[in-house]
Every structure is written in C-alpha cells, then in structure tokens.
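User: I would like to learn how to read features from a model like this one. Could we start with burial and work outwards from there?

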Amino acid sequence: MQVTNITKLKVKYKIELDNGKHFYVSEDTIIKYGLIKKIELTKEQLKEIIAHESVESTYSKAVHYLQYGLRTKQEIKDYLTKKEIAPKVIDEVIEKLVEIGYLNDEHYVEAAVTDYFNLNLKGPYWIKRKLQEKDLDKDAIDKYIAKICTEEAMIEMLYKIIEREFKVRREAKNKKIQKITQKLYTNGFTSDIIRKVFDIFFEDYEEENEEDILEEHFRRAYSSYSRRYEGYNLKQKLIEKLVRDGFSYYTAKDYIEKQDL
C-alpha cells in the first residue's frame, strides 16, 4: 500500500493510504520511519508503525500525568487503564519509564514518608497504612519509616504539638490530655510514644490556674441547664457536665457547692 497524503494537524499528522484508510502519528514517528508521500508500506511495516505510535502516544500521556507529581507504577497503570489502553502497551510504557528513571517506587516511598511525616505530621502507622493502599513494597515502606520516623524525631515533633495544643485549648488538663492523645493516636502514633512525650512535657510544665477555665465551663453549663432545672437537680446536672468536660468529680462538686444556686 502507498501513502497518498500527509497532513499536519494541531498535534499529530494524518497519514492517508491509497486503500482509503488513514491513521495518525506523531512527528517522532514520521521521522523514525521516514514517512513521506508515495512511500510504499507492507502490512508488517504498517503494523509496526501503528504499534510504535500507540506506545509513543501512551508514553506521552504518562509523562504528562507525571508532571503533576510523583506516581507509583500502580497509579500509572490505573491511569492508563482508564483510558482503555491495551495492557501490553501499558506494560511496555511502564518498563520504559522505569528504565529512564521517571518511575521509581522506592524513591516514591522515601519522598512520601518524608512528606507525610514532616509536612502532614503523620505517624508511622498512618503512613504505613496509606502507602500499603498504593500496593507498594512492604519492605521499602518499613525501611524508610524506620529511617525517617525515628524515636528522636517523633519526640521532638510530638512535644511541639502537645505544647501548642495545651496553649490554645481552654479546657481542663485531663480533657486536653484526652483529646490530644486521641488526635495523635488517630494520626498514627503509638500510645507508648504519646505517653512518653507527655511525661517529658510535664517535667517542664507549669500548672496553670484552672479556676478561670472552670468558671468559663460553669457559666456555659449554667446558661444551658438553669432554663430546665433548679435546686438539687440543677446542681447534679452541672456537676455531671463539668466532669464530662474533664474536671474531677470532687473539683466540680466543691465548685458547685460554693455557688449561690
């Protein structure tokens, strides 16, 4: 068969054949196969050109996707599969990307662990769970978590978080500890390391006067409950609310007993 016409389009070239059929190729494919008007192509040559163009087109899509950030091999595969590209072509493109260093799952793991830990303030268990969802090598995940999320680094990070949270929260000390602990545990830190950092923190911690905080919580509770209760029932409801807010039963009871209710 013979090439009858080559038309340059916005991105690709349209190749027309004397049998009435046509196909599209990139400039790289034009150059690689020396495609010009009136050139004769065998069926095997045409098949090779189209296969090459399929790989090149898929490769361009993958590179464009990579411009938005690091990706895993599985993410590239999922992305290209959604575009209904043949699995064989996808595998060839992924192999090519790995060979030239555009895809490297181990580098991805290292970068991800670093960012999750230092920027997102996530702990080892959260990071491990997140990366395992991406079908990444478990040994690589464990390797970089151990390298980056060291005990020393976690202690320094958690100390700063606890210090900041204690300053901004207007709550009873026990309530602060409870909420901060839950937050850190949810973010992937173990109860052991959280407890250890709290112990370190309280070595230098200056106990604040909780009287003002207790008064704030009492006023809010009184504003709500005094509309529905009175006398003994009101006192009991106020004590229960203050205990839920993190104050000890005896602290709450003594405070309520001193109020003129």
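Analyst: Happy to. A residue is called buried when its relative accessible area is under 20%, exposed when that area is over 50%, and partly exposed in between. Keep in mind throughout that this is a predicted model.

User: Let me try it. Is Asp 245 buried or exposed?

Analyst: Asp 245 has a relative accessible area of 11%, so it counts as buried. In the fold, Asp 245 sits in the loop between helices α12 (231-244) and α13 (249-258).

User: Which residues is Asp 245 in contact with, leaving aside its neighbours within four places in sequence?

Analyst: Its contacts of that kind are Ala 172, Lys 175 and His 217. With His 217 there is also a polar contact, in which the two side chains come to 3.0 Å.

User: Which side chain meets Asp 245 in a salt bridge?

Analyst: The partner is Lys 241, at 2.9 Å from N to O. Lys 241 has a relative accessibility of 24%, so it falls in the partly exposed class, while Asp 245 is buried at 11%.

User: How many residues lie between Ala 221 and Val 98 in sequence, and how far apart are they in space?

Analyst: They are 123 residues apart along the chain, and their C-alpha atoms are 62 Å apart. The assignment gives domain 1 (2-100), domain 2 (110-149), domain 3 (151-204) and domain 4 (210-258). Between the centres of domain 1 and domain 4, taken over C-alpha atoms, the distance is 73 Å.

User: Now to salt bridges in general. How many are there by the rule used here?

Analyst: The count comes to twelve. Take Lys 147 and Glu 110, whose side chains meet at 3.5 Å, N to O. This pair links distant parts of the chain, 37 residues apart, with Lys 147 in helix α7 (residues 138-148) and Glu 110 in helix α5 (residues 105-118). Lys 147 is exposed because its relative accessibility is 52%, whereas Glu 110, at 27%, is partly exposed.

User: What about the salt bridge between Lys 196 and Glu 151: which helices does it link?

Analyst: The side chains of Lys 196 and Glu 151 come to 2.5 Å, N to O. As for accessibility, Lys 196 is partly exposed at 37%, and Glu 151 is partly exposed at 44%.

User: Which residues does Lys 179 touch, not counting those up to four places away in sequence?

Analyst: Lys 179 touches Arg 169 and Glu 171. Its own place is in helix α9, residues 173-186. The C-alpha atoms of Lys 179 and Arg 169 are 9.9 Å apart, and the two residues are ten apart along the chain. Lys 179 has a relative accessible area of 33%, so it is partly exposed.

User: Let us move to the surface. Which residues form a nonpolar patch there?

Analyst: Val 243, Tyr 249 and Tyr 250 make up the patch, and together they have about 330 Å² of accessible area. Val 243 lies in helix α12 and is partly exposed, with a relative accessible area of 36%.

Note on methods
Residues are numbered from 1 along each chain as its sequence is written. This is a predicted model: local features need pLDDT of at least 70, side-chain atom pairs count only at pLDDT 80 or more; totals for chains, interfaces and linings use all residues. Side-chain values use heavy atoms; hydrogens and water are left out. Domain bounds come from an automatic or database domain assignment. Helices (H or I, at least four residues) and strands (E, at least two) are DSSP runs, numbered from the N terminus. A polar contact is a pair of N or O atoms within 3.5 Å; within protein, one must be able to donate a hydrogen and the other to accept it, and residues adjacent in sequence count only if both atoms are side-chain atoms. Contact means heavy atoms within 4.5 Å. Patches are made of residues with over 30% relative accessible area and no salt bridge: like charges are joined within 9 Å, nonpolar side chains (Val, Leu, Ile, Met, Phe, Trp, Tyr) within 5 Å. Accessible areas come from the Shrake-Rupley method with a 1.4 Å probe; for residues, only the protein chains shown count as cover. A salt bridge is a side-chain nitrogen of Lys or Arg within 4 Å of a carboxyl oxygen of Asp or Glu. Buried means under 20% relative accessible area, exposed over 50%, partly exposed in between (1.4 Å probe, protein chains only).
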